[in-house]
Amino acid sequence: MDDLAATNGTSAANDSTGGTDGGAASPAEARGSRAQPKTDKSEQTRALILETAMRLFQERGYEKTTMRAIATEAGVSVGNAYYYFSAKEFLIQGFYDGMTHDHAADARNRMAHTRDFAERLEIALTSWLDTAAPYHEFAAQFFRTAADPSSSLSPFSNESHPARATAVELFREVLQGSELAPKLDAELVELLPDVLWLHLMVVVLYWVFDRTEDTERTREFVRRSTPMAARVINLSRYRVFRPIVRDAKGLIQDFILPTIGKTAVK
């Protein structure tokens, strides 16, 4: 029955968005959500479904929680749940989007007082750890699905583009708001936000498996790796390192950026 509801709900969602026509998806379409009128009631219902799903994922595990169970707990029909989220994985996308925006706002507020690049980068990474802290136990439950390259939950997927674009833009601000940006090669400045986002993904991977209190080992990893990354980037502005910088840019453009779905860099 749940599978039937999923089929019906997904079909309805596809009908409302015109299906896949090869064009760029809107943020709502990328998250698997139908375009809905901006009303307080619809936003409240969507938030209720999402909050209920997060609670059940934590209590029962991602795999064992069905859309029917989420709908029942939220007090809405199964069809209504699929109206807002065309498949269960898009609930995770909704969670990603919300947490990414919370992280960006918190990081901007924290780094407003400094222009030192290394300090701004460490603030941005630490802010992510603080924002994600309440969901640490839950994160390990769906990591196996997110690690699948074909899954829409993968941070590299097209479906994850809205959240990824928000994060990349934050790292663009980390760099451009620093004293270092004007000293670097313009092409490198354009590429670095995506590379810094990849650095965050390394931190996230370590964080998922970190079982120390308050994920202290991950925090120490950030404290020790950030100055190193800042020094390497700073060295790139010197003439003697320019051949290496050109090689690094080529590797990034040819092998890294093409793997990141709809990357924010044009």
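Helices H7 and H9 cross in a right-handed way. Here is what handedness means: look at the near helix and ask how it is turned from the far one, by less than a right angle; clockwise is right-handed and anticlockwise is left-handed. A helix here is a DSSP run of H or I with at least four residues, a strand is a run of E with at least two, and both are numbered from the N terminus.

The model is predicted: local features need pLDDT of at least 70, side-chain atom pairs count only at pLDDT 80 or more, and totals for chains, interfaces and linings use all residues. Residues are numbered from 1 along each chain as its sequence is written, and side-chain values use heavy atoms, with hydrogens and water left out.

Now the whole protein. What elements does the protein contain, and how many? The protein has 12 helices and 0 strands. From the N terminus on, the order runs α-α-α-α-α-α-α-α-α-α-α-α. The protein has 266 residues, and 46% of them count as buried. Buried means under 20% relative accessible area, exposed means over 50%, and partly exposed lies in between, with a 1.4 Å probe and protein chains only.

A contact means heavy atoms within 4.5 Å. Take the contacts with a separation of 6 or more: 73% of them join residues 24 or more positions apart.

Next, the packing of helix on helix. Two packed helices are described by the angle between their axes and by the distance between the axes. Axes are lines fitted to C-alpha atoms, for helices over the stretch in contact, and angles run from 0 to 180 degrees between N-to-C directions. Under 35 degrees counts as roughly parallel, over 145 as roughly antiparallel, 65 to 115 as roughly perpendicular, and the rest as oblique.

Return to H7 and H9. H9 covers residues 161-176, and its axis comes within 8 Å of the H7 axis, crossing at roughly 155 degrees. H7 and H9 are therefore roughly antiparallel. Which residues of H7 and H9 make the contact? H7 brings Phe117, Arg120, Leu121, Ala124 and Leu125, while H9 brings Phe171, Glu173, Val174 and Leu175. These divide into 7 nonpolar, no polar and 2 charged residues. Ala, Val, Leu, Ile, Met, Phe, Trp, Tyr, Cys and Pro count as nonpolar; Asp, Glu, Lys and Arg as charged; the others, Gly among them, as polar.

H7 also packs on H6. H6 spans residues 89-111 and H7 spans residues 117-132; their axes are 9 Å apart, at an angle of about 140 degrees. H6 and H7 are therefore oblique to each other. Their crossing is right-handed. Residues in this contact include Met99, His103 and Arg110 of H6, and Arg120, Trp128 and Asp130 of H7. The residues divide into 7 nonpolar, 4 polar and 5 charged.

Now move to H3 (residues 40-60) and H4 (residues 67-74). The crossing is right-handed. In H3, Leu48, Ile49 and Phe57 are among the residues that meet H4, where the partners include Ala69 and Ile70. The contact holds 8 nonpolar, 1 polar and 3 charged residues.

Single residues come next. Ser152 sits in the loop between H8 (136-146) and H9. Is Ser152 buried or exposed? Ser152 has 8% relative accessibility, so it counts as buried. Leaving aside neighbours within four places in sequence, Ser152 contacts Glu89, Phe90, Gln93, Ser157, Glu159 and Ser160. Glu89 is 63 residues from Ser152 in sequence, yet their C-alpha atoms are 7.2 Å apart. Phe90 belongs to H6. Its C-alpha atom lies 8.1 Å from that of Ser152, 62 residues apart along the chain. Phe90 is buried, with a relative accessible area of 12%.

His199 lies in H10 (residues 186-209). It is buried at 17% relative accessible area. Not counting residues up to four places away in sequence, His199 touches Leu125 and Ser225.

Finish in the loop between H10 and H11 (216-235), where Asp214 is found. Asp214 is not a glycine, yet its phi is positive, about 55 degrees. Thr215 is in the loop between H10 and H11 too. Its phi is near 45 degrees, a positive value in a residue other than glycine. Thr215 counts as buried, at 7% relative accessibility.
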